[in-house]
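Let's take a walk through this structure together, one piece at a time. Keep the sequence and the 3D view open as you read.

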Amino acid sequence: MSNRESAELQKEQEFIDGLYDRVDALRGVAARGVEDALTPVGTGLQARLERDVLVAERSGLLAALNAVDGSLCFGRIDLSDGTAHHIGRIGIREDDTAHTPLLIDWRAPVARPFYLATGHTPMGLRRRRHITTEGRAVTELHDEILDLRDRERTGFEDPSGDAVLLAALNSARTGRMGDIVRTVQAEQDRIIRAPHRGILVVEGGPGTGKTAVALHRAAFLLYEHRELLARRAVLIVGPNPAFLHYIGEVLPALGETGALLATQAELFPGVHADGADTPRAAAVKGGERMAEALALAVRDRQRLPESGAPMVVPHDDGELVLDREIAHEARQAARDTRLPHNLARPYFAFRIIDALTSQLAVRIGADPYGGPNLLGPDDIAQLGKSVAAAEEVHSAIEELWPALTPEGFLTGYLADPVHVPDEDAEAIRRAPGEGAWTPADVPLLDEAAELLGVDDSAERAAAEAERQERIAYAQGVLELSRGSETYEFEDEESEVLAAHDIVDAERMAERQEEADHRTAAERAAADRSWAFGHIVVDEAQELSPMAWRLLMRRSPTRSMTLVGDPAQTSEEAGVGSWEKILQPYVDDRFEHVQLKVNYRTPAEIMELAAGVVRAEDPSFEPPRSVRSTGEVPWTRQAGKDLAGAVAQAVAELTPEEGRLAVIAPQALHEEIAAPLDGITAGAEPDLTRPVVLLGPRQAKGLEFDHVLVVEPAGFGAGDLYVALTRATQRLGIVHREELPEALR
Ligand SMILES: Nc1ncnc2c1ncn2[C@@H]1O[C@H](COP(=O)(O)OP(=O)(O)OP(=O)(O)O)[C@@H](O)[C@H]1O
């Protein structure tokens with residue numbers, strides 16, 4: 001290293017040292033803050049509340065400072081006006097009175113030229129520097145000259161400008177996705193920072209960085225709209241738990257913890273949907289006609305007595321006859337409210353009780369001499385109360401218009417599916433108590449919850465009664481604390497004071513309520529009707545029309561980022577066309593952007609994989625691979641001993657550092673895994689282990705250094721394309737049966 005270079009490196013090291021001194025100081029302050037806030041503060045409710053808020057704020061800051069510690073600062077921009085800014089994962093300020101920025105958050109507008117400036121459009125930059133650190137030591141610098149008139153040289157100039165990107169792409173994988181904040185490309189940056197309103201669809205082939213972009217966009221939005229999104233939270237939906245685990249470290253590494261990561265199966269609070277459907281059953285359950293079928297099935301539960309066979313309801317004052325006509329009128333009145341089933345139920349009950357009361361009144365109050373009814377309004381009101389209180393009357397109402405829970409209703413529906421063609425009904429039929437809830441049941445449960453509504457009037461009445469009690473109590477406390485002073489006024493002023501007291505008492509009563517200190521993401525996870533501030537959907541091509549209905553309910557403002565690749569669709573229920581998915585909700589009012597560069601898969605592998613899609617769609621254009629490795633993918637005929645051939649290939653392909661995935665049809669897993677030591681497999685495999693065995697669907701969205709595909713004839717075209725595009729370095733294929741034509 002030349003003197004000039006070591007001086008430059010030294011200068012940068014001094015900056016980084018100073019930066020970490022400041023971070024350590026901030027961390028100390030935050031840690032002491034948490035400690036102080038945790039010391040007892042007396043028993044007052046207000047004091048405890050303030051303490052909890054302080055603890056949450058300070059531990060949030062502490063967690064963010066701890067999480068971003070690795071490569072906190074990764075860049076510097078030198079402007080033509082002589083100023084320079086260091087860019088990092090979060091913003092840090094000096095400890096001076098002006099709070100001078102020391103490190104600029106990558107999401108701040110000042111940092112933007114770091115990602116966008118080119119020699120052609122330098123955006124006021126003279127030089128862009130990538131700083132690589134190991135722990136707190138600066139190990140490498142890469143400079144790009146953006147102002148060609150600039151003659152100053154540091155010795156670290158990188159003429160190609162992509163050394164840092166290529167190093168990131170070639171580095172060994174760890175089994176957890178990393179962030180790309182150091183090397184976000186211009187086309188990606190534009191998507192990450194796109195305005196937050198409305199629906200943005202990001203489409204791109206495998207490895208184009210859709211997932212990375214979606215997560216960095218979530219981090220950007222959490223920064224840009226901090227207040228709104230801290231209150232309403234961001235939901236990130238991914239295809240399976242292994243995938244969510246794979247991406248789970250990205251947002252914390254960017255200093256953000258305010259997002260809820262969930263699969264479709266987790267979106268109905270209280271239901272653990274770990275059952276499995278056949279592909280056909282999942283497709284039927286996901287189909288849009290299910291919405292109509294469930295709506296009709298709910299109406300079916302609003303019954304009438306058969307004509308000529310009225311219900312006879314015993315009552316202390318004689319039998320009541322609930323015939324079809326009475327029930328029909330009551331049902332019509334209840335349906336006319338257009339309320340969900342459970343909320344319309346009180347209207348139905350009211351009409352029935354009213355009709356039965358009249359019936360009783362006519363009978364009891366009949367004048368034997370033919371005059372008008374002898375009962376007065378008070379008598380009739382009394383009769384009404386007795387009818388309303390009769391258990392038998394309630395049983396009759398329950399039989400005709402039962403109160404339903406989503407779970408109870410759907411269990412009944414699946415036992416005897418109606419309003420769908422017979423063959424669909426057969427595909428989804430499930431006896432009560434047989435099998436667990438499945439991911440495809442979740443949107444149906446949500447649909448049912450919408451159709452049924454929650455009759456929480458009793459809970460609300462109880463809550464109001466409790467509130468009144470608290471106010472009365474607080475009022476008493478206030479009066480006591482003011483002594484008898486209030487009672488001495490016998491004029492208007494005392495009334496004014498009394499009203500004032502009540503306002504105070506209400507506030508005081510509110511303070512007695514248990515405060516909810518959970519984060520917005522935690523509260524959202526427990527609340528079916530939560531409206532998220534923004535929703536990101538990854539592998540969006542897989543979601544069924546019914547799942548879209550659920551997600552759209554969670555996003556009344558339609559603020560969403562949807563990323564996907566129709567060519568990678570594997571679920572039968574998947575919709576495959578953005579227009580078709582979105583038309584019912586926003587018509588054509590959505591942005592559609594495309595990513596066209598593949599950062600993962602080398603050109604040699606991509607060419608082979610593209611053939612699979614081209615076999616079905618000759619006009620198919622794969623994304624352009626950013627690099628080639630010279631490693632041509634190989635295929636190997638296994639003969640009879642498939643497991644032996646796989647074991648040998650695994651031995652050859654297991655990297656010294658990095659990860660190998662064996663992707664094989666589920667039915668072969670047991671056979672393949674038998675001779676292999678230390679392979680991880682199952683529903684939630686540990687992706688950080690050196691070798692992992694996956695089914696085709698499990699591989700979705702993941703990435704490994706090397707991949708071994710086994711028996712590709714057993715894959716659907718979408719799944720095969722996914723499996724072939726998971727490797728960053730090498731791909732091998734072992735088969736016993738004949739290869740699909742595209743791979744021959
Ligand atoms: N700008 C970038 N800098 C460094 N690495 C990048 C960049 N963009 C993408 N990558 C890397 O490329 C790989 C693929 O990215 P990602 O998983 O987001 O792609 P994807 O489009 O979601 O792929 P798929 O559709 O196959 O799941 C990841 O390792 C990611 O870190």
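Start at a strand called β19, where L694 is the bridge partner of I663. Before going further, a word on what you're looking at: this is a predicted model, in which local features need pLDDT of at least 70, side-chain atom pairs count only at pLDDT 80 or more, and totals for chains, interfaces and linings use all residues. Residues are numbered from 1 along each chain as its sequence is written. As for the names, helices (H or I, at least four residues) and strands (E, at least two) are DSSP runs, numbered from the N terminus.

Back to our pair. β18 (residues 660-663) and β19 run parallel, and 4 bridges join them. Two strands count as paired if DSSP finds at least two bridges between them. Zoom out and you'll find an open sheet of 5 strands with parallel pairing, in the order β17-β21-β20-β18-β19. Since β17 (634-637) and β19 (691-694) stand at the edges with a single partner strand each, one side of each is left without a neighbour in the sheet. On average, neighbouring strands here are turned by 20° against each other, direction ignored. For angles like this, axes are lines fitted to C-alpha atoms (for helices, over the stretch in contact), and angles run from 0 to 180 degrees between N-to-C directions.

Look for I236, which stands opposite V536 in β12.

The loop between β7 (199-204) and α6 (210-224) is the place of G207. Which residues here does UniProt annotate as "binding site"? Its unreviewed entry covers G204, G205, P206, G207, T208, G209, K210 and T211. UniProt positions are given in the numbering used here, feature names are shortened, and annotations may be inferred rather than shown by experiment.

Is G207 buried or exposed? It's buried, because 27 other C-beta atoms lie within 10 Å. The cut-offs are 20 or more such atoms within 10 Å of a residue's own for buried, 12 or fewer for exposed, and partly exposed in between, with C-beta atoms placed from the backbone. Not counting residues up to four places away in sequence, G207 touches N598, Y599, R600, T601 and T725. Contact means that the C-beta atoms, placed from the backbone, lie within 7 Å. T211, found in helix α6, is buried as well, with 24 other C-beta atoms within 10 Å. Leaving aside neighbours within four places in sequence, T211 is in contact with I247, D538, V563 and G701.

One last stop is helix α12, where I326, A327, A330, R331 and A334 are buried. Seen down the axis, these buried residues fall within an arc of 125° (taken from the directions from the helix axis to the C-beta atoms), so they line one face of the helix. They pack against β11 (320-322), α13 (341-364) and α15 (391-400). The face turned away from the buried side of α12 carries the exposed residues Q332 and D336.

Definitions and conventions:
Contact = placed C-beta atoms within 7 Å.
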